Amino acid sequence: MTLFLKNISSDVSRRKVLKGLGGLVLSVPLASTSVYADLLIDEGNNGDAFKPSAYFSIHPDGQIKIMIHRVEMGQGTRTGLAQVIADELEVNWDDVDFLQAEGHEKYGVQNTDGSRSIRNYYYPLRKAAAAARMMLESAGAKHFGVPFKGVKADNGFIVAGSKKVAYKDLVTKAKAEKPPVDDAVKLKDRSEFKHIRKPRQILDMHDITHGKALYAQDIRLEGMLYSVIARPPVPGGVVKSYDDSAAKAVKGVVKIIKMRDQAFPSGFMPLGGIAVIATNTYAAMKARDALEIDWNDGANASYSSDTYEKALWESIEKGGNPLRKVGNGAEGLKEASKVLSSQYYIPHQSHQHLEPPAAVAEWKNGECVIFASTQTPQRSRQMAAAYCGVPKEKVTSHSPLLGAGFGRKSKPDFSAEAAFLAKEMGKPVKVIWTREDDMKHGYYHTVSAQQIDVGLNENGKVTTWRHRAAYPAIGGTFDPRANGPSAFELSQCAGDLPFDLDHMSVESCEAKTMTRVGWMRSVNCIHQGFAAGSMVGEIAAETGKNQLETWLELIGPDRIVDIKSEGMPTYDNYGNSTEDHPFDTARLKHVLRKAAEMAGYENDQSKDGKGIGLAVFRSFNSFVACAIEADASQDGIKIPRAWIAVDCGVAVNPDRIKSQMEGAVVFGMAYFFHSAITMENGRTVEGNFDTNPLPRIDEAPHVEVHIVDSEASPGGVGEPGVSPVAGAITNAIFAANGQRIKRLPFKG
């Protein structure tokens with residue numbers, strides 16, 4: 001096995017960069033030659049190759065190459081997709097070279113978000129690889145002069161009885177074979193899997209742990225310049241006037257460039273501002289500090305968290321447009337013997353990935369090549385081309401390894417900045433976003449106000465659930481007409497709750513978008529899962545039933561739920577068909593019972609100041625239940641243990657699923673206990689981890705994960721683990737000390 005990007009690290013390894021920090025990054029030697037050749041797709045190399053798909057090829061010299069079209073940011077996509085292809089292609093893992101694809105439409109959708117990589121490509125890639133294997137088997141049958149059924153593929157060979165021939169020796173004959181028609185492609189039985197369903201360490205682990213992994217920040221090209229940008233402190237703001245005389249005096253500064261003004265909403269386009277171009281990062285940063293800029297803050301200058309929250313609650317009070325409607329929520333509440341109402345609030349959140357964005361661009365002969373820390377190389381290509389006024393065919397975009405992304409890096413404004421500045425300078429330019437740049441000018445998870453009203457009958461049974469939500473829509477980052485959550489946003493862990501009730505409504509309440517709002521890991525399940533999961537705990541406390549009983553009663557009997565026919569006609573099932581990904585309440589209840597069993601959950605009574613909380617959701621077409629223990633026996637709240645049961649269909653790489661669930665708990669704890677982005681006069685207050693912290697290692701709980709053995713279609717893995725975390729924590733704290741949390745972050 002050979003890792004992709006294998007020939008780059010010798011000159012620009014992460015380890016060398018880290019060593020060089022004592023004498024600044026300038027001490028790191030530059031790559032003596034262009035790195036393009038090592039990153040480019042190998043398509044066309046060795047024209048005699050058997051290459052029936054854009055995703056893999058077999059060469060006469062014995063090379064077997066698998067092209068990974070999605071982006072790796074720690075979630076294990078490269079490894080999981082490679083396992084799928086290698087299995088159906090029937091090749092030995094150690095015989096394969098794995099390469100990272102550039103951004104190109106021939107690979108399908110490359111935007112690596114939404115937990116879609118395995119979910120959407122499991123069957124297409126298996127089918128493509130199985131078809132290729134059958135073409136090799138047909139070629140092998142002709143080689144041995146036996147019927148097709150007399151041969152079988154085995155670890156890179158075609159075997160006929162005691163005889164065998166290597167794939168490489170069948171390349172020419174295989175190329176002459178016709179691919180099997182769609183219905184004739186035979187996929188392996190799960191009993192035949194050699195790579196799928198087997199725990200496997202991620203391909204990048206060695207390089208990551210040995211400081212050799214290559215990130216966009218590490219890319220260095222000959223003659224490259226460095227840039228940082230003073231961006232408008234308020235989205236939609238523009239430069240009124242500026243004085244760059246002091247900045248120009250900084251040694252190393254090459255040029256000061258005013259970026260194009262950008263109206264709000266700006267979508268993926270750069271915000272504008274003043275760019276400093278220098279021969280090194282230090283000079284660029286020092287010169288940026290010396291700029292004197294007078295800003296016109298524009299229409300969003302009045303955006304402040306305190307006043308905006310008041311507007312959200314007024315919108316909730318007014319009521320909204322019911323995008324899911326079963327029965328009549330208002331009538332149900334009128335008829336109820338008792339109404340239970342609660343309000344929940346979450347501020348904006350920053351993605352807080354450890355690697356801030358960066359992009360390197362170079363133009364040659366009218367064409368641009370970009371290396372960017374982006375989850376979407378296709379979008380990177382498109383945005384850079386649009387910003388520079390050239391066809392996208394003139395731009396190539398590569399995605400090195402990402403130091404996490406959580407959705408921020410699906411918005412490649414930094415790619416457009418780098419392409420524009422490189423074109424202006426006629427030299428390679430690296431645009432660096434500092435931590436402060438990222439936290440003050442990112443795309444935030446939305447702020448939200450929510451109210452849930454529950455109607456109970458005389459027997460304490462829930463009959464009505466009305467959920468009102470007011471928050472700025474992600475669509476408001478692109479469309480000024482967006483004014484409140486869309487059906488797509490409300491559907492996540494709110495509009496798609498499978499509760500078996502007489503009346504259920506989920507309402508979208510008005511909320512104007514006044515900053516850049518974007519998707520973040522688990523997206524709207526962050527706040528809607530927090531509210532819905534907490535409300536179930538409140539119902540349990542009100543009715544005297546325990547949490548497990550309450551969840552099971554609300555979910556009702558085992559059945560396949562059709563959310564569309566149950567009052568939410570625009571539900572898109574996370575982009576998959578309901579035939580492939582049905583909403584099966586039996587699977588939902590199974591993971592809930594399993595998590596409760598793992599935790600030893602019996603009831604909601606505190607034991608020595610400790611309590612256990614439960615929450616369960618189906619999101620991104622996986623079923624995840626979480627049991628969390630809160631310890632309130634000493635000062636503050638501790639989370640010592642967590643248990644997760646996940647049914648994500650076929651578990652392609654159990655090792656990576658386990659790690660994603662473990663990480664999801666810590667990710668959920670970040671916004672529950674620590675993280676908040678606040679706005680004053682349109683500006684972001686927080687600027688680094690000192691004011692917007694992450695959980696420390698001593699806060700991380702012990703997490704046990706159970707993966708349900710399933711033959712169902714693969715669901716998502718990266719995001720759904722986050723969905724139940726906040727609700728489980730609130731219920732755990734209530735069980736521990738009787739304190740009900742309705743506003744985050746909770747400082748204990």
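Let's start at proline 265, which sits in the loop between β10 (253–258) and β11 (274–278); helices (H or I, at least four residues) and strands (E, at least two) are DSSP runs, numbered from the N terminus. This is a predicted model, in which local features need pLDDT of at least 70 and side-chain atom pairs count only at pLDDT 80 or more, while totals for chains, interfaces and linings use all residues. Residues are numbered from 1 along each chain as its sequence is written, and side-chain values use heavy atoms, with hydrogens and water left out.

Now for the backbone phi angles. Most residues other than glycine have a negative phi, and most peptide bonds are trans. Serine 115 isn't a glycine, yet its phi is positive, at about 50°. You'll find serine 115 in the loop between β4 (96–100) and α5 (117–144). With 13% relative accessibility, serine 115 counts as buried, a word that means under 20% relative accessible area, with exposed being over 50% and partly exposed in between (1.4 Å probe, protein chains only).

Asparagine 155 also has a positive phi of about 50° without being a glycine. This residue belongs to the loop that links β5 (152–154) and β6 (157–160). So is asparagine 155 buried or partly exposed? At 29% relative accessibility, asparagine 155 counts as partly exposed.
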